[in-house]
Amino acid sequence: MSGRASSLPSDKLARLARIAAIGSGVLLLGSAALMTFEVLARRLLGHSIIGVDELAGYAFGIAMAWGFAQALFMRAHIRVDLVYLRLPMKMQRVLDVVAMGAFAGIIGILVRHATGTLLESLRLGARASTPLNTPLWIPQSLWLMGLIFFLICLLVLLFDLVVAMLRRDYALAARLGASESALKRM
């Protein structure tokens with residue numbers, strides 16, 4: 001984003017989201033390398049590495065949670081905008097606020113339940129019922145931190161969007177919240 005938009009709080013979070021997405025990609029590549037090694041070791045050496053599938057599952061969940069924010073800033077989350085594109089520009093911006101607010105509400109509910117799951121695992125001292133016997137609080141806390149980061153990004157972006165709307169800066173509001181299809185039509 002250029003001009004006034006470059007100093008918004010959401011732009012700083014967008015840079016952090018990019019770093020988190022790169023870290024998520026590295027985590028997934030490491031997981032894929034470990035799985036490849038395990039398959040080759042099993043095939044060529046007749047030896048299997050215990051827990052690779054479990055670790056890959058944790059890596060996938062953690063990487064997804066930390067990658068959601070980058071998808072937000074790249075407008076990669078799915079939006080069905082058939083009717084939206086036919087509405088007046090100001091109505092589109094209002095719907096952008098409503099959609100982002102609803103999205104933040106849903107992720108807030110997810111964070112609340114994920115927090116409850118983590119607290120329950122800590123209370124019970126829960127461990128995976130696998131050969132690794134992983135303490136579940138470890139992957140759950142990394143997953144929850146990614147979800148919390150995503151929620152923070154959503155709320156800050158929503159705040160920037162509402163401020164742009166209150167200032168009647170509809171061009172900035174579109175850059176912050178419009179669908180990719182709407183931006184291409186501008």
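Predicted model: local features only at pLDDT ≥ 70, side-chain atom pairs only at ≥ 80, totals over all residues.
The axes of α3, which spans residues 89-124, and α5, which spans residues 170-177, come within 10 Å and cross at roughly 40°. Because of that angle, α3 counts as oblique to α5. On the side of α3, the residues that take part in the contact are Met89, Lys90, Arg93, Asp96 and Met100, and they meet Tyr170, Ala173, Ala174, Leu176 and Gly177 of α5. Sorted by class, the residues of this contact comprise six nonpolar, one polar and three charged.

The largest pocket has a volume of about 300 Å³, and of the 19 residues that line it, the closest to its centre are Leu72, His77, Arg79, Met100 and Phe103. At least two lining residues are supplied by each of α2 (52-73), α3, α4 (137-166) and α5, with α3 giving the most, namely four residues. In this lining, 13 residues are nonpolar, two are polar and four are charged.

The second largest pocket has a volume of about 150 Å³, and the residues along its lining include Leu27, Ser31, Tyr58, Ile62, Pro139 and Leu142. Here the elements that give two or more residues are α1 (9-45), α2 and α4, and the largest share, five residues, comes from α2. This lining holds 10 nonpolar and two polar residues, and no charged ones.

How values were computed:
Residues numbered from 1 in each chain as written. Heavy atoms only, no water. Axes fitted to C-alpha atoms, helices over the stretch in contact; angles between N-to-C directions. Parallel < 35°, antiparallel > 145°, perpendicular 65-115°, else oblique. Contact = heavy atoms within 4.5 Å. Nonpolar A, V, L, I, M, F, W, Y, C, P; charged D, E, K, R; others polar. 1 Å grid on protein atoms, 1.4 Å probe; cavity = no way out; pocket = protein on both sides within 12 Å on 5 of 7 lines; lining within 4 Å. Points joined across faces, edges and corners; volume = space filled by probe spheres on them.
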